[in-house]
Amino acid sequence: MSTEELATMKADKTVDARGTSCPGPLLAAKKAIGEIQKGQIMEVLSADEGTKRDIPKWCKKKGFEYLGTVEESGFFKIFLRK
Amino acid sequence: MANKKLTIALFSGSVDKLTAAGVILGGAAAEDMDVEIFVLLQAAFAFKKENAMTNDRVAEITDKKDDFLASLERLNAPHWTEAFRTAKEMTNVKIHICGFAGKVWHGEKLDDFIDLADDICGIGEYMTAAEESDINLFI
């Protein structure tokens, strides 16, 4: 997915995990994924570096589609499709 | 496909090692692993009802203990009991108190320990769990 598409992506669910450290963001993502339908898009906000690599790997293991990561000021947004 | 199994021989009763165990449990929960924790010797101290929340002993870099504890707060790290509790909610986690370890710290029955503990067991159960696991840790 291109940077432009990611930048304007509207998620069906947003998980703001910026207040927590590893494994917080990953667990928050796991909890939230149960609340959306297959095909829907989830966005995870985090400031934790490890999370940037953890979530794409977790997507691969679980069969979700990792769409991309957008860098913001002081944090980043990870997009995935269930 | 069956869930992977993780066995933890939890020996340590210090907050730094218990916090690390909590993070590992978080990782296991994210992977939907089946976890069995065996609370051994010093960890049994930390699991006693009267100690769980007040115990702030650290095993390493003890001269910087205050910095360490302050950082955990600053980073919004959950208390290890909370991390264990969250993992229990998200995946299968069984926590066994080693009978001998419990007695060392004057704990005779399950009720002497925090509610996270599921039962009291012996060494045989640990060996069986360890043999059947994909991952074995001694913390």
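Biologist: In this predicted model, what makes helix 1 (residues 15-30) of chain B roughly parallel to helix 4 (residues 80-90) of chain B?

Modeller: The axes of helix 1 and helix 4 of chain B come within 8 Å and cross at roughly 20°. Angles under 35 degrees count as roughly parallel, and therefore helix 1 of chain B is described as roughly parallel to helix 4 of chain B. The crossing of helix 1 of chain B with helix 4 of chain B is left-handed.

Biologist: Which residues meet where helix 1 of chain B touches helix 4 of chain B, and how many of them are nonpolar, polar or charged?

Modeller: From helix 1 of chain B the contact takes B:V15, B:L18, B:T19, B:A21, B:G22, B:V23, B:L25, B:G26, B:A28 and B:A29, and these meet B:W80, B:A83, B:F84, B:A87 and B:M90 of helix 4 of chain B. By class, the contact of these two helices has 12 nonpolar and 3 polar residues, with no charged residues.

Biologist: Why is B:E36 called buried?

Modeller: B:E36, which lies in strand 2 (residues 34-39) of chain B, has 23 other C-beta atoms within 10 Å. The label buried requires 20 or more such atoms, so B:E36, with its 23, is buried. Leaving aside residues up to four places away in sequence, B:E36 touches B:T7, B:K94, B:H96 and B:A129.

Biologist: Turning to chain A, why do strand 1 (13-16) and strand 3 (65-71) of chain A count as edges of the sheet?

Modeller: The open sheet of chain A has 4 strands in the order 1-2-4-3, with mixed pairing. Strand 1 and strand 3 of chain A each have a single partner strand, so one side of each is left without a neighbour in the sheet. From one strand to the next, the twist averages 20°.

Biologist: How do you know that strand 2 (residues 41-46) and strand 4 (residues 76-81) of chain A pair?

Modeller: Pairing requires at least two bridges, and strand 2 and strand 4 of chain A are joined over 6 bridges in the antiparallel sense, so they pair. Helix 2 of chain A lies across strand 1 and strand 2 of chain A, and runs at about 160° to strand 2 of chain A.

Biologist: What does each chain give to the contact between chain A and chain B?

Modeller: Chain A gives 10 residues and chain B gives 11 residues. On the side of chain A that touches chain B, helix 2 of chain A gives the most, with 3 residues, and the residues of that side divide into 5 nonpolar, 3 polar and 2 charged.

Methods: Residues numbered from 1 in each chain as written. Chains lettered and ligands numbered in written order. Predicted model: local features only at pLDDT ≥ 70, side-chain atom pairs only at ≥ 80, totals over all residues. Axes fitted to C-alpha atoms, helices over the stretch in contact; angles between N-to-C directions. Helix = DSSP H or I, 4+ residues; strand = E, 2+ residues; numbered from the N terminus. Parallel < 35°, antiparallel > 145°, perpendicular 65-115°, else oblique. Left-handed = near helix turned anticlockwise from the far one by under 90°. Contact = placed C-beta atoms within 7 Å. Nonpolar A, V, L, I, M, F, W, Y, C, P; charged D, E, K, R; others polar. Buried ≥ 20, exposed ≤ 12 C-beta atoms within 10 Å, placed from the backbone.
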